[in-house]
Amino acid sequence: MMHQLSRLGGVTLKTLESLGRSVIFLVMGLRLPVRGGLKLLLAQIHFIGVLSLPIVVVSGTFIGMVLALQGYVVLVGFSAEEALGQMVAMSLLRELAPVVTALLFAGRAGSALTAEIGLMKATEQLTSMEMIGVDPLKRVIAPRLWAGFISLPVLTVFFSVVGILGGYLVGVDWLGVYSGSFWSTMQSSVMFTDDILNGMLKSVVFALVVTWIAVFQGYDLEPTSEGISRATTRTVVYGSLAVLGLDFILTALMFGDI
Amino acid sequence: MNDSNLVEVADLSFSRSGRQIFSGVNLSIPRGKITAIMGPSGTGKTTLLKLMGGQLTPDAGTVHIAERNVHRLSRPELFRMRRRMGMLFQSGALFSDLSVFENVAFPLRVHTDLPESMIRDLTLIKLQAVGLRGANHLMPSELSGGMTRRVALARAIALDPDLIMYDEPFVGQDPISMGVLVKLIRQLNQAFDMTAVVVSHDIKETLTIADYVYVISDGRVMAKGTPDELATEQDPRVSQFVHGEPDGPVPFHYPTHTSFRNDMLKGSDTGKRGRS
Amino acid sequence: MKRSKWLECGVGVFVVAGFLGLVFLGLQVSGLSLSRANDTYTLYANFSNIGGLKERSRVTMAGVTVGHVTDISLDPKWYDARVTLAVDDDLKDKLSEDTTAAILTSGLLGEQYIGLTMGGSPDMLQDGGTIKDTQQALVLEELIQQLVSNFSKS
């Protein structure tokens, strides 16, 4: 009994310690990057943003198409298929675009970040950078953190746009919903601040959390091949769970009173 | 404190995850000389270099480099001090996303405002010094182990440091690249008057280049002296190490509580403990 | 060097396209308009019940969108709803004084909007004028109630 209690205490302490370390890490990493940082930042936006574009665009299109298909089947029962545009746009902007993009981001970019930084740690590249007199937090971590914060919201916009266009393709071109009412129901119900900006705000929060988890897991891992593989898994699992949990909290705060 | 010593280590104690690695180590590293730190594997020689570089903080004791306490410096001051130090890592630790040229140019780019043409010249001079000017366009993944270490050496001396630390420079090298590295270390010391610390357990090579040798074991300095003095040292632990005898004061067997006979008769439950 | 130029271009295109996407969402999806605000004039209409009418609901004439609802408030004098309409400038001084405004529903459960029908009076509505002839929203519950009471009477 005492043994289990002390183990519980040990685990709690360890968790708190790692949490504290990660917060210090975030604060240190967010200080603006070094000289020539813009170039490093661009390279990282390319790596985690531009290269994630294909998977985001393809998933967005298909999710928009499926939404339109499913929505049509339900709405046509009330002969309210004109509201299809509203339904597709609302579900994409408020929920699906920020959440699904963040999940894809954790899988595609997050795991790559963790593995890359972990490998740099395992091969002593981070240590040697420190010995050269360059702070790896500024040189390696900061550009990656900022690139993540910038890339995910942009990817979310792409996801929403192609999702709505995919919904348009299925709803209007294939199922024959009148194009004018597709757009007009959408326009009269979607509010720029309430829906679009709130969705973007969600995405900014997700960007912060997912990138933070990915980069910290890479920086803090045990520098062995097993340690890298475990940290990569942790990035995807923790990242996805954090996105889903935060999504509920944010949704309750933003839309709960309606 | 002696002016002729670049590095002074006093009463250094350090423990990691409950294991005492150093208890009261005293070292002094004279300017312009090659000092070797030797000892069996697992005695924390690399840890000692990390303590000297300020990457780890000791439990007690001090490290002074050029009369400044390394562990009392603020982070920016420490980083400024490290520009005067070069370190050659065991794995080379080249930045895998940069070419050989860019790796060597890296310290120059981040610490100086030199124009591009000058950075190019300086980089090529360093690469020429290690004999790899022709390889400047290669990526680190295309290099052999010996070449990696030579590029890392060129990078470590890019800023012409006062102190250069070699972490196991001879491990895993074929005889030719071993010879090349020995020659380079000696040349750098003589031509540029760089103070060198060589951490190694390769006795033959180390004794040929070192001016002074410390042997560390069980967290303490066990012996010190010039290579000649060490070769004639009578202490059985030192002579076991220096002459590479398999058994002696450092036992061949990992310590165990049970006798071999009992272990054999006990059955099949020994050694089954897996990673939980 | 060539490679890094490409990379920088790619990132530039990525960010600009993302911004354009946001503009698309704003204009096409949420119906924000950049300069339309000064191209409209204001009319008022009082309804005894507006049903599900909301701000930004459409105002139509013969099915063509000619404006939108900008504000809905309770008129404390008559306890009815006072709806502010922004109508396209093209129709300024062209709507007769006896124009009717009705709250209509697109489809059985669709959105509600205001339909304007031209009257015959020679006098025209001025900017800030009030439409007097209004027709309240069709509320399903009231309709059913009427139906039930009619049945029980007969």
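Student: Which residue is the bridge partner of Tyr44(C) in S7(C)?

Tutor: Thr130(C) is the bridge partner of Tyr44(C) in S7(C). Before we go on, a word about the model: it is predicted, so local features need pLDDT of at least 70 and side-chain atom pairs count only at pLDDT 80 or more, while totals for chains, interfaces and linings use all residues. Residues are numbered from 1 along each chain as its sequence is written, and chains are lettered from A and ligands numbered from 1 in the order in which they are written.

Student: Thanks! How should I read a strand pair in general, and in what sense do strand S1 of chain C and S7(C) pair?

Tutor: Strands of a sheet pair through backbone hydrogen bonds, either parallel or antiparallel. Strands here are DSSP runs of E with at least two residues, helices are runs of H or I with at least four, and both are numbered from the N terminus. Two strands count as paired if DSSP finds at least two bridges between them. In chain C, S1 (residues 40-47) pairs with S7(C) in the parallel sense, over 2 bridges.

Student: In what order do the 8 strands of that open sheet in chain C come?

Tutor: Going across the sheet, the order is S7-S1-S4-S3-S2-S6-S5-S8 (chain C), with mixed pairing. Strand S7 (130-131) and strand S8 (133-135) of chain C are the edge strands, each pairing on one side only.

Student: Is the pairing parallel or antiparallel in the open sheet of 4 strands in chain B?

Tutor: That one is antiparallel, in the order S2-S1-S4-S5 (chain B). Strand S2 (19-30) and strand S5 (68-69) of chain B each have a single partner strand, so one side of each is left without a neighbour in the sheet. Look next at strand S1 (residues 5-16) of chain B: 9 bridges join this strand to S2(B), and Ser15(B) stands opposite Gln20(B) in S2(B).

Student: Which strands of chain B does helix H1 lie across?

Tutor: Helix H1 (residues 45-52) of chain B lies across S1, S2 and strand S4 (60-65) of that chain, at about 120° to S1(B). To read such angles, remember that axes are lines fitted to C-alpha atoms, for helices over the stretch in contact, and that angles run from 0 to 180 degrees between N-to-C directions. As for the chain as a whole, chain B has 10 helices and 10 strands. UniProt, in an unreviewed entry, places the feature "domain: ABC transporter" at residues 7-243 of chain B; such annotations may be inferred rather than shown by experiment. That span is 39% helix and 26% strand.

Student: And how many helices and strands does chain A have?

Tutor: Chain A has 9 helices and 0 strands. A residue is buried if 20 or more other C-beta atoms lie within 10 Å of its own, exposed if 12 or fewer, and partly exposed in between, with C-beta atoms placed from the backbone. By that count, 53% of the 258 residues of chain A are buried, and in chain B the buried share is 36% of 276 residues.

Student: How do I describe two packed helices, and at what angle do the axes of H5 and H6 of chain A cross?

Tutor: Two packed helices are described by the angle between their axes and the distance between the axes. For helix H5 (residues 125-132) and helix H6 (residues 136-174) of chain A, the axes come within 9 Å and cross at roughly 135°. H5(A) and H6(A) are therefore oblique to each other; angles under 35 degrees count as roughly parallel, over 145 as roughly antiparallel, 65 to 115 as roughly perpendicular and the rest as oblique. Leu126(A), Met129(A) and Glu130(A) in H5(A) meet Pro136(A), Arg139(A) and Val140(A) in H6(A). These residues divide into 4 nonpolar, no polar and 2 charged.

Student: Finally, which chains share the most contacts?

Tutor: Chains A and C do, out of 2 pairs of chains in contact. Two residues are in contact if their C-beta atoms, placed from the backbone, lie within 7 Å. Chain A gives 29 residues and chain C gives 26. The side of chain A that touches chain C has 19 nonpolar, 8 polar and 2 charged residues; Ala, Val, Leu, Ile, Met, Phe, Trp, Tyr, Cys and Pro count as nonpolar, Asp, Glu, Lys and Arg as charged, and the others, Gly among them, as polar. Elsewhere, 17 residues of chain B are in contact with 11 residues of chain A, and H3(B) supplies the largest share of that side of chain B, 4 residues. Chains B and C do not touch, and their nearest C-alpha atoms are 13 Å apart.
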